[in-house]
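Let's take a walk through this protein together. Keep the sequence and the 3D view side by side as you read.

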Amino acid sequence: DFKTGGGGNLIFAFDTWKGHRSDNDRTPKTLFILSRVFFWLGFMVLILAAAGPTRIIKNKIYLTMGADIMVVLDESPSMSAEDFAPKNRFEAAKSVIKKFIKERKNDKIGLVGFSKEASLIVPPTLNYSYLLRAIDNMRIMELGNGTAIGMGISIALVHLKETASENKFIILLTDGDNNAGEILPVSAAEIARQLGVKIYTV
């Protein structure tokens with residue numbers, strides 16, 4: 001309760017206040033600190049804006065189009081022969097292919113595997129890291145027991161037919177004779193000739 005004392009003074013009952021100090025006297029100091037913080041933050045933003053920071057993205061631009069290449073790899077059982085110690089024929093062939101890919105810069109390269117059946121593993125691409133991983137994952141006989149060379153070449157031709165490059169070729173790595181598949185290697189080679197696709201056999 002408020003009480004009126006002598007001389008017109010207003011007396012406040014301290015038992016109502018209960019001895020707690022008001023925090024109102026801290027408000028000016030807090031505002032001062034916040035104003036300083038926001039001032040320097042704004043100053044730093046102005047400096048950054050004046051410096052004109054930019055993000056630079058570099059891309060390689062080739063003036064000429066590279067070749068389109070399909071690697072056709074034999075996965076038949078005979079490729080397990082260990083006459084490339086300490087590797088067998090299959091692992092040795094994979095090592096040669098990977099070395100070849102790492103030396104390319106602007107060539108789209110695809111991958112076909114074959115044994116009794118033939119299958120596209122990677123279409124022509126510039127993503128060499130993905131292609132190298134796909135080669136590492138290839139296994140002998142995952143497409144059966146046989147050697148369908150003609151089918152392997154034919155699948156590669158299907159994926160080279162519509163590519164844009166004028167320079168197209170197939171790298172065939174095999175150690176055997178064709179003994180499976182509906183298409184003979186000679187027939188597949190003739191189709192390649194008509195399409196202007198060169199075949200290099202290893």
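What share of the contacts with a separation of 6 or more comes from residues 24 or more positions apart? In this chain, such residues account for 73% of those contacts. Please keep in mind that the model is a predicted one.

Let's begin with the overall layout. Of the 202 residues in the chain, 31% are buried. The accessible surface amounts to about 14,000 Å², and carbon and sulfur atoms contribute 59% of that area.

Now turn to a pair of helices, α3 and α4. Helix α3 covers residues 89–102 and helix α4 covers residues 128–136; their axes lie 10 Å apart, at an angle of about 180°. An angle over 145 degrees counts as roughly antiparallel, and α3 is therefore roughly antiparallel to α4. On the α3 side, the contact is made by K94, I97, K98, I101 and K102, while α4 brings Y128, L131, L132, I135 and D136.

How do α5 and α6 run relative to each other, parallel or antiparallel? The axes of α5 (residues 149–160) and α6 (residues 185–195) come within 8 Å and cross at roughly 20°. Angles under 35 degrees count as roughly parallel, so α5 and α6 are roughly parallel to each other. The crossing of α5 past α6 is left-handed. Here I149, G150, I153, S154 and L157 from α5 meet P185, A188, I191, A192 and L195 from α6. The residues of this contact divide into eight nonpolar, two polar and no charged.

From the helices, let's move to some strand residues. G113 sits in strand β4, which spans residues 108–114. Is G113 buried or exposed? Its relative accessible area is 0%, so G113 is buried. Setting aside neighbours within four places in sequence, G113 is in contact with L73, E75, A118, S119, I121, M138 and L143. G113 and D74 are 39 residues apart in sequence, yet their C-alpha atoms are 6.2 Å apart in space.

L120 belongs to strand β5, residues 118–125. With a relative accessibility of 28%, L120 counts as partly exposed. Beyond the neighbours within four places in sequence, the contacts of L120 are M70, L111, V112, I155 and H159. L120 and M70 lie 50 residues apart in sequence, and 9.8 Å separates them from C-alpha to C-alpha.

P86 is placed in the loop between β3 (68–74) and α3. If you zoom in on the bond that joins A85 and P86, you will find a cis peptide bond, with omega at about 5°. Further along, M141 is in the loop between α4 and α5. The phi angle of M141 is near 65°, a positive value in a residue other than glycine. M141 counts as partly exposed, because its relative accessibility is 40%.

Next comes T174, in the loop between β6 (168–173) and α6. Buried residues are those under 20% relative accessible area, so T174, at 18%, counts as buried. Apart from neighbours within four places in sequence, T174 is in contact with D74, F114, T147, I149 and V202. T174 and V72 are 102 residues apart along the chain, and their C-alpha atoms are separated by 8.4 Å.

Our last stop is E166, in the loop between α5 and β6. E166 has a relative accessible area of 80%, so this residue is exposed. E166 and A67 are 99 residues apart in sequence and 7.3 Å apart in space, C-alpha to C-alpha.

Technical notes. Residues numbered from 1 in each chain as written. Predicted model: local features only at pLDDT ≥ 70, side-chain atom pairs only at ≥ 80, totals over all residues. Heavy atoms only, no water. Axes fitted to C-alpha atoms, helices over the stretch in contact; angles between N-to-C directions. Helix = DSSP H or I, 4+ residues; strand = E, 2+ residues; numbered from the N terminus. Parallel < 35°, antiparallel > 145°, perpendicular 65-115°, else oblique. Left-handed = near helix turned anticlockwise from the far one by under 90°. Contact = heavy atoms within 4.5 Å. Nonpolar A, V, L, I, M, F, W, Y, C, P; charged D, E, K, R; others polar. Buried < 20%, exposed > 50% of the residue type's maximum accessible area, 1.4 Å probe, protein only. Areas by Shrake-Rupley, 256 points an atom, 1.4 Å probe, with all protein chains shown as cover.
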